[in-house]
Amino acid sequence: MFIKEMEFVNFKSFGKRVKIPFYEGFTAISGPNGSGKSNIIDGILFTLGLSGSKTMRAEKLTDLIFNDAKSKQPEFAQVTITFDNTDRKAPVEADEFEISRKIKQTKSGYYSYYYFNGKAASLTEVHELLSKAGITPEGYNVVMQGDISQITAKMSPTERRKIIDEIAGVSEFDEKKQKSLAE
Ligand code: ATP
Ligand code: MG
């Protein structure tokens, strides 16, 4: 499974509609400072509900909506990720599927919506689908700036062991074991 395409509408520095294609295997994104490379990663975290706004480098979710000093801020931002699923790693009987998230700003606050193949879905449903393909908010699918030095230099051996258990998929069973022992 891999990301085939991302579509940004009014997300961070991507005003209007921008489509970015991706390919199987290794992809590097290059560009001048401030050109929006990290904003693409923020788009992945945002769409898949993998983190809070702080890790996406925004004080509040509505800061993720495109804003230039010149024009009125749009009232929504949306990012759509198309996954290639020809290997059927995700439990979807199709060669591709789409996950999308939209935030909408209104006078009374903001609203967040998730979609699976264009239909409204809950964050839990999105997470359940992704976890079958090994993508979880606790996982290390996205390695952020500073994570490596945190892991190699600042963590205790026990904390480091926890990460290895998480990646190897052992911790899921540890949690289940603890739960059943408690019952
Ligand atoms: P570097 O090479 O320095 O890491 P980068 O390519 O990763 O740069 P990003 O951090 O992705 O760059 O992009 C930062 C740019 O995004 C800044 O110019 C910032 O003004 C812009 N930006 C962030 N949020 C918004 C927003 N809501 N509306 C418009 N522009 C935004
Ligand atoms: Mg960057």
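1. Start at Asn117. This residue is partly exposed, with 13 other C-beta atoms within 10 Å. Where does Asn117 sit? It lies in the loop that joins β5 (109-116) to β6 (119-121). Its phi is positive, near 45°, although Asn117 is not a glycine.

2. Keep the source in mind: the model is predicted. The mean pLDDT over the protein chain is 90, and 98% of the residues reach at least 70. Which elements mark the two ends of the confidence range? Helix α3 (residues 147-154) is lowest, with a mean of 83, and β6 is highest, at 98. For the complex, the predictor reports an ipTM of 0.97 and a pTM of 0.86.

3. Now the overall layout. The protein chain contains 5 helices and 6 strands. In sequence order they run β-β-α-β-β-β-β-α-α-α-α. The C-alpha trace spans about 55 × 40 × 40 Å along its principal axes. Contacts between residues 24 or more positions apart make up 52% of those with a separation of 6 or more.

4. How is the chain divided? Domain 1 covers 2-135, and domain 2 covers 146-183. Their centres, taken over C-alpha atoms, are 27 Å apart. Helix α3, the element of lowest confidence, spans residues 147-154. Domain 2, at 146-183, takes in that stretch.

5. The core deserves a look. Of the 183 residues in the protein chain, 17% are buried. The largest nonpolar core has 24 residues. Those touching the most other members are Phe8, Phe11, Leu48, Leu64, Ala77 and Val79. Which elements supply at least two residues each to this core? They are β1 (2-11), α1 (37-47), β3, β4 and α2 (123-132). As a general point, nonpolar side chains in soluble globular proteins tend to be buried together.

6. Take Ala77 as one view into that core. Setting aside neighbours within four places in sequence, its contacts are Val9, Asn10, Phe11, Leu64, Ile65, Phe66 and Ile103. Two of these partners, Phe11 and Leu64, are listed with Ala77 among the core residues that touch the most other members.

7. Helix α1 comes next. Which of its residues are buried? They are Ile40, Asp42, Gly43, Leu45, Phe46 and Thr47. These buried residues pack against β1, β2 (14-21), β3 and β4. In general, an α-helix has 3.6 residues a turn, so residues three or four places apart point the same way. After α1 comes Gly49, with a positive phi near 60°.

8. What surrounds ligand 1? There are 15 residues around it, and Ser13, Asn33, Lys37, Ser38 and Asn39 are the closest. By type, the shell holds 9 polar, 4 charged and 2 nonpolar residues.

9. Arg88 is not a glycine, yet its phi is positive, at about 55°. This residue is in the loop between β3 (76-84) and β4 (96-106). Is Arg88 buried or exposed? Arg88 is exposed, with 12 other C-beta atoms within 10 Å. Asn117, by contrast, is partly exposed, with 13. The two labels differ because a residue counts as exposed at 12 or fewer such atoms.

How values were computed: Residues are numbered from 1 along each chain as its sequence is written. Chains are lettered from A and ligands numbered from 1 in the order in which they are written. This is a predicted model: local features need pLDDT of at least 70, side-chain atom pairs count only at pLDDT 80 or more; totals for chains, interfaces and linings use all residues. Domain bounds come from an automatic or database domain assignment. A residue is near a molecule or strand if its C-beta atom, placed from the backbone, lies within 6 Å of it. Ala, Val, Leu, Ile, Met, Phe, Trp, Tyr, Cys and Pro count as nonpolar, Asp, Glu, Lys and Arg as charged, and the others, Gly among them, as polar. Helices (H or I, at least four residues) and strands (E, at least two) are DSSP runs, numbered from the N terminus. A residue is buried if 20 or more other C-beta atoms lie within 10 Å of its own, exposed if 12 or fewer, and partly exposed in between; C-beta atoms are placed from the backbone. A nonpolar core is a set of buried Ala, Val, Leu, Ile, Met, Phe, Trp, Tyr and Cys residues joined through C-beta atoms within 7 Å. Two residues are in contact if their C-beta atoms, placed from the backbone, lie within 7 Å. pLDDT is the predictor's confidence in each residue, from 0 to 100.
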